Amino acid sequence: MTLSIAPGSGADLVDELAGLDPGSPMHQVRHRRDKVALATQGSYDALFDPGLPGLSLVERLLVALYACRLTPAAALAGHYRDRARAAGADAAALAAVEEGDPPELADPRLRAMLCFTRALILSPIDADRALLGTLPAAGISTPAIVTLAQLIAFLSYQTRLVAGLGAMRAARAAIGPETSP
Amino acid sequence: MSALLEIKGFTNASLEWSAWLDKVDLASATPEQLAVLEESHPKAKVSDYYLFLVHQPEILRQRSTAFNAIMYAPGGLSRAERELASTVVSRINGCVYCASVHAQRFEQMAKRNDVIAQVFDDPHTAGTTDRERAIAAFSVELTAAPDQVTADSIARLHAVGLSDDEILDLMHSVAIFAWANRLMLNLGEPVFPG
């Protein structure tokens with residue numbers, strides 16, 4: 001099977017946010033499952049591909065920031081906040097996603113996406129067929145809904161991966177003299 | 001082969017799954033969509049789940065690569081223990097469909113389902129050995145409160161004999177079901193045998 005990103009092509013966001021420095025013992029542990037690491041980075045790259053049609057990059061970054069706020073996952077929230085600002089996100093939308101109440105947003109399309117995000121992050125068992133139906137009702141196409149659902153579900157994975165790897169790194173630092181600075 | 005379990009709405013019976021929105025029609029699928037279906041799962045072309053997700057083929061390709069590498073790669077945590085973790089996560093999230101599939105896979109590997117009955121009844125206390133209890137407890141913790149996972153959580157896994165390579169596999173198995181459960185729960189529903 002071929003991967004769409006070249007192995008060793010560059011930065012790995014999960015390594016960066018979990019504090020796994022190249023060459024460190026925990027970096028070596030993680031990259032013994034390199035196929036997983038590559039497909040994790042590949043998923044991130046595919047979900048935030050600026051050229052992907054359906055949802056704008058800013059919309060995807062606002063969904064990501066809101067998902068990380070709710071989880072909560074502080075380091076990832078910081079990453080998506082920086083990217084959303086750099087991509088030109090509207091100040092009012094950013095404020096609502098970071099601190100406010102997205103159901104009060106005026107834009108019905110963004111409001112529907114963020115209400116869906118909140119349900120999937122906080123209580124996926126309660127997100128039913130009627131909730132899914134609010135997305136086509138807000139003018140979002142089926143392929144764009146697949147992107148949105150995959151994005152939120154990926155964020156549920158990415159936040160847990162960063163949290164777990166960070167805990168493993170801390171555990172190693174606590175017990176392994178070879179990992180001391 | 002095995003005893004049917006039906007506990008608190010969860011089962012090890014074989015279920016189907018039906019999408020709530022329009023799937024890709026195989027007859028009009030692009031070559032890329034067909035290639036990704038073939039890479040993803042042996043039955044992807046007759047599965048509502050894959051036929052819906054293949055609306056975005058590159059995203060599905062990456063997800064399937066990660067999923068298959070996490071659940072099926074040799075070495076590390078035993079495949080039965082990966083399936084146990086996936087079943088615990090699915091039980092916590094309330095994904096009856098995923099829980100049924102991975103309960104069956106556990107049973108195929110381990111040739112028993114005692115711990116699966118415990119997971120269905122109460123995932124917080126499940127486990128027939130200290131090692132299984134630690135695996136289940138960590139799976140609950142990383143699922144329900146990822147921000148509360150600390151070095152102490154990892155130390156509890158070391159204490160029952162898990163190596164760092166096994167802990168990485170466990171963590172991957174838990175995290176990938178945070179992903180999988182949300183697709184299965186929120187884009188369609190299980191179909192129970194007539």
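Trainee: How many residues does helix H7 of chain B have, and how far does it reach?
Mentor: This is a predicted model, so keep that in mind. Helix H7 (residues 130-144) of chain B has 15 residues. From its first C-alpha to its last it reaches 21 Å, close to the 21 Å expected at 1.5 Å a residue.

Trainee: Which of the residues of H7(B) are buried?
Mentor: Quite a list. B:Glu132, B:Ala134, B:Ile135, B:Ala136 and B:Phe138 are among them.

Trainee: Now helix H5 of chain B. What should its 15 residues span, and what do the end C-alpha atoms give?
Mentor: At 1.5 Å a residue, helix H5 (residues 96-110) of chain B should span 21 Å. Its end C-alpha atoms are 21 Å apart, so the two agree.

Trainee: How many of the residues of H5(B) are buried?
Mentor: 11 of the 15, so H5(B) is largely enclosed by the rest of the structure. Tyr97, Cys98 and Phe106 of chain B are among the buried ones.

Trainee: What do the buried residues of H5(B) pack against?
Mentor: Helices and strands of chain B. The helices are H4, H6 and H9. The strands are S2 (10-11), S3 (16-19) and S4 (188-191).

Trainee: What follows H5(B)?
Mentor: B:Lys111 does, and its phi is positive, near 60 degrees.

Trainee: Let's zoom out. How many helices and strands does chain B have?
Mentor: Nine helices and four strands. From the N terminus, the order is β-β-β-α-α-α-α-α-α-α-α-α-β.

Trainee: How does the radius of gyration of chain B compare with the globule rule?
Mentor: The radius is 17 Å, close to the 16 Å the rule gives for 194 residues. So chain B is as compact as a globular protein of that length. Along its principal axes, the C-alpha trace spans about 55 × 35 × 30 Å. As for burial, 52% of the 194 residues of chain B count as buried.

Trainee: What domains does the assignment give for chain B?
Mentor: Domain 1 (16-72) and domain 2 (76-179). Their C-alpha centres lie 26 Å apart. Each domain of chain B puts five residues into the contact. On the domain 1 side, helix H3 (residues 57-72) of chain B supplies the largest share, four residues.

Trainee: Switching to the two chains together. How many residues of chain A are in contact with chain B?
Mentor: 46 residues of chain A, in contact with 45 residues of chain B. On the chain A side, H9(A) gives the most, with 22 residues. By class, that side has 29 nonpolar, 11 polar and six charged residues.

Trainee: Last one. Which residues touch the most other members of the largest nonpolar core?
Mentor: A:Leu62, A:Val63, A:Leu65, A:Leu148 and A:Ile152, out of 120 residues in that core. H9(A) supplies the largest share, 18 residues. Both domains of chain B give residues to this core, so it lies between them.

Trainee: And what does A:Leu148 touch?
Mentor: Leaving out residues up to four places away in sequence, A:Leu148 touches A:Leu55, A:Val63, A:Met113 and A:Phe116.

Methods: Residues numbered from 1 in each chain as written. Chains lettered and ligands numbered in written order. Predicted model: local features only at pLDDT ≥ 70, side-chain atom pairs only at ≥ 80, totals over all residues. Contact = placed C-beta atoms within 7 Å. Helix = DSSP H or I, 4+ residues; strand = E, 2+ residues; numbered from the N terminus. Nonpolar A, V, L, I, M, F, W, Y, C, P; charged D, E, K, R; others polar. Domains from an automatic or database assignment. Core = buried A, V, L, I, M, F, W, Y, C linked by C-beta atoms within 7 Å. Buried ≥ 20, exposed ≤ 12 C-beta atoms within 10 Å, placed from the backbone. Expected span 1.5 Å × (residues − 1). Rg over C-alpha atoms; globule rule 2.2 N^0.38 Å.
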